[in-house]
Amino acid sequence: MAGNAWFDLLDGDGATMGSYFVNEVTVVDVKPSARADGLVDLTVTLWCENALPGAERAWDLLRTGHLNRAGMWHELASEDRHAWLSVALWSREYRRQGKPDAPAGQVFTLDGRHIVDRDTFYCAIGEAINGPGGYFGWNLDALDDCLSGGWGATTPFTLHWESSTETRARLKERVPAGGDRQVALFDLLLEIFEERGVSVSLR
């Protein structure tokens with residue numbers, strides 16, 4: 001029984017792409033590693049709340065340098081999109097490599113053609129701000145945090161929301177908006193953007 005640990009995911013050069021905190025790590029098998037003398041390969045059981053099923057595909061794309069074009073999340077099954085967002089979150093520092101936020105006054109384009117629900121919105125906004133596989137929130141609180149700076153963009157900025165009419169029709173789920181008020185998710189997103197100094201141009 002090894003207890004708790006950090007589980008690092010490494011790229012081909014051995015650099016850490018991201019880390020998960022794991023619980024209840026138990027070694028069930030040990031053998032010499034074929035990678036190098038003095039290393040061992042362990043087979044372990046563990047528990048990790050943040051390592052979501054389906055995330056391995058995105059980690060493999062990142063590790064091999066193939067997470068490099070827009071829209072790669074379009075083909076994912078709905079149950080795999082949240083896992084895609086989790087990799088975007090946990091690999092954020094590795095992908096940015098210390099790159100500063102875009103300065104205030106920038107214009108970003110949000111492609112709404114493939115936004116059909118919450119997760120696809122966050123996939124699209126992450127890509128709009130931070131490029132393929134990028135992260136800019138994966139729930140409303142996280143989006144609000146990202147708009148406070150340190151996550152790729154500095155407010156105020158302009159967001160050109162393409163195919164917004166279609167997106168509005170799809171994001172009609174009613175969500176709490178403070179007190180007893182409920183509004184459509186699309187409208188709440190617009191409220192959050194406005195409060196944080198983002199000028200949204202609906203196209």
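Rings of Phe, Tyr and Trp (its six-membered ring) are said to pair if their centres lie within 6.5 Å, and a pair counts as stacked if the planes are under 30 degrees apart, as edge-to-face if they are over 60 degrees apart, and as tilted for the rest. The legends below describe a predicted model, in which local features need pLDDT of at least 70 and side-chain atom pairs count only at pLDDT 80 or more, while totals for chains, interfaces and linings use all residues. Residues are numbered from 1 along each chain as its sequence is written, and side-chain values use heavy atoms, with hydrogens and water left out.

**View A. Aromatic pairs, with Tyr 20 and Trp 90 as one of them.** The structure holds eight aromatic pairs. The ring centres of Tyr 20 and Trp 90 are 6.3 Å apart and their planes stand at 70°, so this pair is edge-to-face. Because Tyr 20 lies in strand E2 and Trp 90 in helix H2 (residues 78-90), the pair ties together parts that are 70 residues apart in sequence; helices (H or I, at least four residues) and strands (E, at least two) are DSSP runs, numbered from the N terminus. Tyr 20 is buried, with a relative accessible area of 4%, whereas Trp 90, at 31%, counts as partly exposed. Here buried means under 20% relative accessible area, exposed over 50%, and partly exposed in between, using a 1.4 Å probe and protein chains only.

View C. The peptide bond from Thr 155 to Pro 156 is cis, with omega near 0°, and Pro 156 is found in the loop between helix H5 (140-146) and E5. Glu 24, in strand E2 (residues 16-32), has a positive phi near 55° although this residue is not glycine, and Glu 24 is exposed, with a relative accessible area of 51%.
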